[in-house]
Amino acid sequence: RDYVDNATYFSRGITYLDQHDTASDCGLGRNEILLTSRGMDAAFVLTFTTSAQPLIWNGIEIADNQENNMFADRMHTKRCEINWSRAFTEDGIRRLDLVKRLSVIFKENDAITEERPVYIGNSASDDVIAFTKSNGKETVFVAVNCRNKDIKASVDTDIKGTELLSY
C-alpha cells in the first residue's frame with residue numbers, strides 16, 4: 001500500500017520498478033532477485049494500474065536478473081547488458097506476456113491513468129491489496145496477492161463486468 005500511495009498520478013508521472021540508478025546501485029540485489037520473479041509480476045500489476053506511466057527498463061520485461069551497471073565499459077568488470085537468454089525461460093516468457101497484456105489494459109482503460117485508487121477492504125488485508133479506480137464512465141477493480149503463496153480472500157464489494165486479467 002505504501003508503494004501505491006507514493007506513486008505519481010496523472011499524465012506527468014512515471015513509476016518504475018527498476019531503472020539505471022537503482023540497478024547500478026544495487027548490483028546483484030536487483031528487485032528481480034529480491035522480490036522473486038513472481039513478486040515482480042505482482043509489482044508490475046501495481047505499476048500498470050496505479051500510476052500515469054509505467055517505465056519498463058532494460059530487460060525487466062523478460063525477467064532479466066543479472067547485475068547491470070550504467071558505468072560499465074570494457075575497462076571495468078561490471079556489466080551493462082541484458083541477458084536475453086532469460087527471454088526463453090519460463091519466467092521470461094510469462095513476464096513478457098504479462099507486460100503485453102498489462103500494456104493493452106493500461107491503454108484501453110482511462111480510469112487507470114486518471115484516478116487515484118480507492119481501497120477496498122478484504123479478509124486478508126496483510127496479504128492482498130484491493131482497490132478500484134473509476135472515472136465515472138468505467139471502473140477497474142484490482143486485487144494483488146503480495147505474498148509468495150496462495151491466499152484466499154473475500155473482498156467487500158460486488159464485482160461485475162468483464163475480466164481483463166486473471167493471473
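**Exercise 1.** Does Asp 158 count as buried or exposed, and at what relative accessibility?

*Solution.* The model is predicted: local features need pLDDT of at least 70, side-chain atom pairs count only at pLDDT 80 or more, and totals for chains, interfaces and linings use all residues. Residues are numbered from 1 along each chain as its sequence is written, and side-chain values use heavy atoms, leaving out hydrogens and water.

Step 1. Buried means under 20% relative accessible area, exposed over 50%, and partly exposed in between (1.4 Å probe, protein chains only).
Step 2. Asp 158 has 59% relative accessibility and so counts as exposed.
Step 3. Its side chain meets that of Lys 160 in a salt bridge at 3.3 Å, N to O; the term requires a side-chain nitrogen of Lys or Arg within 4 Å of a carboxyl oxygen of Asp or Glu.
Step 4. Lys 160, at 70%, is also exposed.

**Exercise 2.** Find the salt-bridge partners of Arg 95 and state their burial.

*Solution.*
Step 1. Arg 95 is buried, with a relative accessible area of 0%.
Step 2. One partner is Glu 32, at 2.9 Å, N to O. This pair links helix H5 to helix H3 across 63 residues; helices are DSSP runs (H or I, at least four residues), and strands (E) have at least two, numbered from the N terminus.
Step 3. Glu 32 is buried at 5% relative accessibility.
Step 4. Another partner is Asp 41, at 2.6 Å, N to O. Asp 41 lies in helix H4, 54 residues from Arg 95.
Step 5. Asp 41 is buried at 2% relative accessibility.
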